[in-house]
Each structure stands twice: as C-alpha cells, then as structure tokens.
Amino acid sequence: MKRCCQKSRVTPFWCLAVVPVLFFYFLMSPAYAGLLDGKPAPAFELKDHAGKSCSLNDFEGKPLVMKIGTTWCPSCGSQSNELVKALPKLRELEVAVVEVFVEDSPQAVKEYRASHKFPEDIRTCIDQDGQVLGGYSVVSIPRVIMIDPGHQVISDQYLVPARRIEEVFSKIKE
C-alpha cells in the first residue's frame, strides 16, 4: 500500500526537467535583469586599470555601451570580442565603450586587456566595492547595458552580438 507522503517516480523527472528550465527563464528574462529600458543609468565612480577615475559623468552627452563582467568568465571574454568587433562602427557613431570588471584585481585586468588586444579607447574600470554590481542589479554576467547621451538605459541584455550593438546605436544616431 502506498502512503500519501511517498513520492512517485515521476516527481524526480519533473524536478530535473522543469526546475532548471524555469530557473534559466527567470535568470535570462530582461525584466529580471534589473534595469528596464528608459530608466536612468545609475551613477558610478570607479578606478580604471591604471588607477585613474572612471565615472558615468565622464561620458556626459555621449552614448555609452558598458559591459559588466570578470576576467575569468569565458562568456565575458566572448562578449569582449564582440565589443572589439563593433568598435569601428561605434567610433564612427561616437559611442564610448567601457568594460567594468567585478571581483578582479588591477593586475588581472591589465593582463586581460593585453590578451584581448584592447585598443586604448576601450576603458576598463574595476568595481572593487560593488557600486556597479548593486546599482545595476547584476545577477549574471556578462551584462551589456547600452545608454543614450542623456544617460537613459536603451537596452539591458546578456551576450549581445556586435551587429546588434551597432544597430541599436545606429538607430539613436538617426
């Protein structure tokens, strides 16, 4: 006789199949990302890999694409490559590019810059006290936030191809 508290063999299957799908859906959902399009971009005041000040106000009146990630994350490296690929068009459109690194040392960021062959016009800032992590509600990396010249969020996504970044900023330039 089966008791009411005994589990059937179907339950583990549903847990294994449904729970990860729901988790992935909520994790990758734009509404869950923390920032909604049209909202003001939270201010930040960080140091770059060379120890110089780096803040949102440095880009006053300029569109900005900001990637939030780490040096040790493979997806973050792929996203960096997409930013480098989009850089010629972004320069033409006068879009600033900033990579904000969380949980990394200045030395690790310098080595990352060298290994990814970053040009000087890609700023690399280090979030050592969690300003960007908290202010931008980061729950997963890499995070790509596109900001208009008035510091309003245009797009807040994960893993954005170069072509899409170029399209977004081409539209606001029109």
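**Close-up 1. Lys85 and Glu82 within helix H2 of the predicted model.** Helix H2 spans residues 74-92 and holds both Lys85 and Glu82. The two residues are 3 positions apart, about one turn of the helix. A salt bridge joins Lys85 to Glu82, with 3.1 Å between the closest N and O atoms. Lys85 is exposed, its relative accessible area being 55%.

**Close-up 2. The salt bridge between Arg91 and Asp121.** The side chains of Arg91 and Asp121 meet at an N to O distance of 2.6 Å. This pair links distant parts of the chain, 30 residues apart: Arg91 belongs to helix H2, whereas Asp121 lies in the loop between helix H3 (106-115) and strand S5 (122-127). Arg91 is partly exposed, at 43% relative accessibility. Asp121 is likewise partly exposed, with a relative accessible area of 37%.

**Close-up 3. Asp156 and Arg143, a pair that joins two strands.** Asp156 forms a salt bridge with Arg143, and their closest N and O atoms are 2.5 Å apart.

**Close-up 4. A network formed by Asp48, Asp58 and Arg123.** Salt bridges link these three residues, Asp48, Asp58 and Arg123, in a network. In general, side chains of opposite charge can pair when their charged atoms come close. For the structure as a whole, the count comes to 9 salt bridges.

**Close-up 5. Helix H5 and its two faces.** Helix H5 covers residues 162-173, 12 residues in total. From its first C-alpha to its last, H5 reaches 17 Å, close to the expected 16 Å. The buried residues of H5 are Ala162, Ile165, Val168 and Phe169. These residues cover an arc of only 130° around the axis, and therefore lie on the same side of H5. The face turned away from this buried side carries the exposed residues Arg163 and Lys171.

Definitions and conventions. Residues numbered from 1 in each chain as written. Predicted model: local features only at pLDDT ≥ 70, side-chain atom pairs only at ≥ 80, totals over all residues. Heavy atoms only, no water. Salt bridge = Lys/Arg side-chain N within 4 Å of Asp/Glu carboxyl O. Helix = DSSP H or I, 4+ residues; strand = E, 2+ residues; numbered from the N terminus. Buried < 20%, exposed > 50% of the residue type's maximum accessible area, 1.4 Å probe, protein only. Expected span 1.5 Å × (residues − 1). Arc of directions from axis to C-beta.
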